[in-house]
Amino acid sequence: MAKERVPTDTLLRRLFKTSSLNRFVENLEKSGQDAPPFHIYIKQLCDEKETPAEQVIKKAGIERTHGHKFFNGTRNPSRDKVLQLAFGFGLDCAGAQKLLTLAKRGALYPKIKRDAVIIYALERELDITTLQEKLHNLQLPLLGAEK
């Protein structure tokens, strides 16, 4: 059974009212125990979507051998690579945020210009090539251009 997601503002109220910081932290640790490792989750996502990893990697614009290392857990993806995988899977913004969380990478924030463009593209189901064109036209760093 999946655990219920608790909004951040609710957690803050609980934290402010708690009489036992240790118990609060313990409960946080327990609530995160059911989250699978990133590589397991993306394999499960492939199964759910009935899409082979190879196809996701190709649609994501990630080099083949590099991409397979994410799927077998021998390499942890950067934030940009996680976002590329989100496009490879055809995820919306919520799905991409979940991928980022499981990969322990920073969330997308609409106040950041580049993130706003990425959110826009995710929600409109644009492909990675179209996203890259939009980023280029706005003179923002391309996705996956990290060194």
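Mentor: Glu 54 is partly exposed, because its relative accessible area is 35%. The scale runs like this: buried is under 20% relative accessible area, exposed is over 50%, and partly exposed lies in between, with a 1.4 Å probe and protein chains only. This is a predicted model, so local features need pLDDT of at least 70 and side-chain atom pairs count only at pLDDT 80 or more, while totals for chains, interfaces and linings use all residues. Numbering starts from 1 along each chain as its sequence is written, and side-chain values use heavy atoms, with hydrogens and water left out.

Now the partner of Glu 54. Arg 64 is also partly exposed, at 48%. The two side chains meet in a salt bridge, N to O, at 3.1 Å. The pair links distant parts of the chain, with Glu 54 in helix 4 and Arg 64 in helix 5, ten residues apart. A salt bridge here is a side-chain nitrogen of Lys or Arg within 4 Å of a carboxyl oxygen of Asp or Glu. Helices are DSSP runs of H or I with at least four residues, strands are E runs of at least two, and both are numbered from the N terminus.

The structure holds three salt bridges. Another joins Arg 79 and Asp 115, whose closest N and O atoms are 2.9 Å apart. Arg 79 lies in helix 6 and Asp 115 in helix 8, so this pair ties together parts 36 residues apart in sequence. Arg 79 counts as partly exposed, at 21% relative accessibility. Asp 115 is buried, with a relative accessible area of 3%.

Next, Asp 80 and Arg 114. Their side chains meet in a salt bridge at 2.8 Å, N to O. Again the ends sit in helix 6 and helix 8: Asp 80 lies in helix 6 and Arg 114 in helix 8, so the pair ties together parts 34 residues apart. Asp 80 is buried, at 9%. Arg 114 counts as buried too, at 14% relative accessibility.

Stay on helix 6. Gln 84 has its place there. At 3% relative accessibility, Gln 84 counts as buried. Its side chain reaches the backbone oxygen of Gly 61 at 3.3 Å. Leaving out residues up to four places away in sequence, Gln 84 touches Ala 60, Gly 61, Ile 62, Ile 128, Leu 143 and Gly 144. Touching, or contact, means heavy atoms within 4.5 Å.

A nonpolar core is a set of buried Ala, Val, Leu, Ile, Met, Phe, Trp, Tyr and Cys residues joined through side-chain atoms within 4.5 Å. The largest one has 36 residues, and Phe 71, Leu 85, Phe 89, Leu 99 and Leu 108 have the most contacts inside it. The elements that give two or more residues are helix 3 (38-49), helix 4 (53-60), helix 5 (64-72), helix 6 (79-89), helix 7 (93-102), helix 8 (113-123) and helix 9 (128-137). Helix 6 makes the largest share, six residues. Look at Phe 89: beyond four places in sequence, Phe 89 touches Ile 42, Leu 45, Cys 46, Lys 49, Val 56, Phe 71 and Leu 99. In soluble globular proteins, nonpolar side chains tend to be buried together.

Leu 12, Leu 15, Phe 16, Leu 21 and Val 25 make a nonpolar surface patch of about 470 Å². Patch residues have over 30% relative accessible area and no salt bridge; like charges are joined within 9 Å, and nonpolar side chains (Val, Leu, Ile, Met, Phe, Trp, Tyr) within 5 Å. Helix 1 (8-17) and helix 2 (21-31) each supply at least two of the patch residues. Helix 1 gives the most, three residues. Leu 12 belongs to helix 1 and counts as partly exposed, at 39% relative accessibility.

Step back to the whole chain. The protein chain has nine helices and zero strands. Of its 147 residues, 35% count as buried. Among contacts with a separation of 6 or more, 51% come from residues 24 or more positions apart.

Notes
Areas by Shrake-Rupley, 256 points an atom, 1.4 Å probe, with all protein chains shown as cover. Polar contact = N/O pair within 3.5 Å; in protein donor to acceptor, adjacent residues only side chain to side chain.
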